[in-house]
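User: I would like to go through this model with you, one topic at a time. Please keep the answers plain.

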Amino acid sequence: MKEIRVKTQKTARVYFSNEITDKTKEVIIACHGYAQLGKYFIRKFDCISSEERCVVAPEALSKFYWNGMNGRVVASWMTKEDRESEIEDYISYLNQIYKMIKDLNPEVKIIAFGFSQGSSTISRWIAQDNPEVICDRLILWSGSFPMDVIERDIFKTIPFDYLFGNQDQYYSKEKVVELEEALNSHGINPNFTEFDGEHKVYELDLQKLFN
């Protein structure tokens, strides 16, 4: 058997909380978690969207049925199958979104936000060796950090917040402590914040983060 790889175009959906104008000061590129959709995820950010702040929620490229062959449709950023190609594809996808934002307003600050599976996605994106992509802040929420990019210097210099819930069913406090130790051992020192809640983005904690 012979395997080859073919680059192909794919149409993706990207959601904006509001228009990007000359009054926009910052744009949050927010990557949703596993088995979510962008159009629902972006609603979490209504509480912090404003004339000066726009939230952009790219939808992951791989959709599937949550319950077998029917039911609601959800999306995933990647799986372990052909992972390197999937990582390359979503980094290219996020680069296109970044360029689109900067074309609309080249002066805006870019905040990279990842929830759950989106945490690894957004981390790998800002870790790429691309001088044309400049992010001003990284926020990971209830997600893992990809150890394959832990050596990248960007994580030592960018303002970095990590938020986690004290009732999270996927990321226990022990896992968070292990992550903090691993990052600290590589000279990466995020601001870790524990909130009261589960594996969710909560409006009150989101408002605290940005206000």
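User: To begin, is Ser-116 buried or exposed?

Analyst: This is a predicted model. In it, Ser-116 is buried, because its relative accessible area is 12%, and a residue counts as buried under 20%.

User: Where is Ser-116 found, and what is its phi?

Analyst: Ser-116 sits in the loop between β6 and α3. Its phi is near 55 degrees, a positive value in a residue other than glycine. Most residues other than glycine have a negative phi.

User: And Asp-82, what is its phi?

Analyst: Asp-82 has a positive phi of about 55 degrees, although it is not a glycine. The residue belongs to the loop between β5 (70-76) and α2. Asp-82 is partly exposed, with a relative accessible area of 33%.

User: Let us turn to the sheet. What is the strand order?

Analyst: The open sheet of 7 strands runs in the order β1-β3-β2-β6-β7-β8-β9, and its pairing is mixed. At the edges are β1 and β9 (191-195), each of which pairs on one side only. Neighbouring strands in this sheet are turned against each other by 20 degrees on average, direction ignored.

User: How many bridges join β2 to β3?

Analyst: There are 4 bridges between β2 and β3, and the two strands run parallel. Ile-29 stands opposite Val-56 in β3.

User: What about β4 and β5, in which sense do they pair?

Analyst: Strand β4 (residues 62-67) pairs with β5 in the antiparallel sense, over 5 bridges. Ser-62 has Ser-76 in β5 as its bridge partner. The two strands form a hairpin with 2 residues between them, and Gly-68 in the turn has a positive phi of about 65 degrees.

User: Which helices lie across strands?

Analyst: Helix α3 lies across β2, β6 and β7, at about 145 degrees to β6. Helix α6 (residues 203-210) lies across β2, β3, β6, β7, β8 and β9, and runs at about 160 degrees to β7.

User: On to α2. What should its residues span?

Analyst: At 1.5 Å a residue, the 22 residues of α2 should span 32 Å. The end C-alpha atoms of α2 are 32 Å apart, which agrees.

User: Which residues of α2 are buried, and what do they pack against?

Analyst: The buried residues are Ser-85, Ile-87, Tyr-90, Ile-91, Tyr-93, Leu-94, Asn-95, Ile-97, Tyr-98 and Ile-101. They pack against β1 (14-16), β2, β3, β6 and α3. An α-helix has 3.6 residues a turn, so residues three or four places apart point the same way.

User: And Asp-103, buried or exposed?

Analyst: Asp-103, also in helix α2, counts as exposed at 53% relative accessibility.

User: How do α2 and α3 cross?

Analyst: Their axes come within 10 Å and cross at roughly 70 degrees. The two helices are therefore roughly perpendicular to each other. Where they meet, α2 brings Arg-83, Ile-87, Tyr-90, Ile-91, Leu-94, Asn-95 and Tyr-98, while α3 brings Ser-120, Thr-121, Ile-122, Arg-124 and Trp-125.

User: Is Arg-124 buried or exposed, and what does it touch?

Analyst: Arg-124 counts as buried, at 9% relative accessibility. Not counting residues up to four places away in sequence, Arg-124 touches Met-78, Arg-83, Ile-87, Tyr-90, Ile-91, Pro-146, Asp-148 and Val-149.

User: Finally, the nonpolar core. Which residues touch the most other members?

Analyst: In the largest nonpolar core, of 43 residues, these are Ile-101, Ile-122, Trp-125, Leu-138, Phe-145 and Phe-155. Elements that give two or more residues to this core include β2 (26-31), β3 (53-58), α2 (83-104) and β6 (109-115). The largest share, 8 residues, comes from α2.

User: What does Trp-125 touch?

Analyst: Leaving out residues up to four places away in sequence, Trp-125 touches Ile-29, Ile-91, Leu-94, Asn-95, Tyr-98, Ala-112, Val-133 and Cys-135.

Definitions and conventions
Residues are numbered from 1 along each chain as its sequence is written. This is a predicted model: local features need pLDDT of at least 70, side-chain atom pairs count only at pLDDT 80 or more; totals for chains, interfaces and linings use all residues. Side-chain values use heavy atoms; hydrogens and water are left out. A nonpolar core is a set of buried Ala, Val, Leu, Ile, Met, Phe, Trp, Tyr and Cys residues joined through side-chain atoms within 4.5 Å. Buried means under 20% relative accessible area, exposed over 50%, partly exposed in between (1.4 Å probe, protein chains only). Contact means heavy atoms within 4.5 Å. The expected span of a helix is 1.5 Å times one less than its number of residues. Two strands pair if DSSP finds at least two bridges between them. Axes are lines fitted to C-alpha atoms, for helices over the stretch in contact, and angles run from 0 to 180 degrees between N-to-C directions. Angles under 35 degrees count as roughly parallel, over 145 as roughly antiparallel, 65 to 115 as roughly perpendicular and the rest as oblique.
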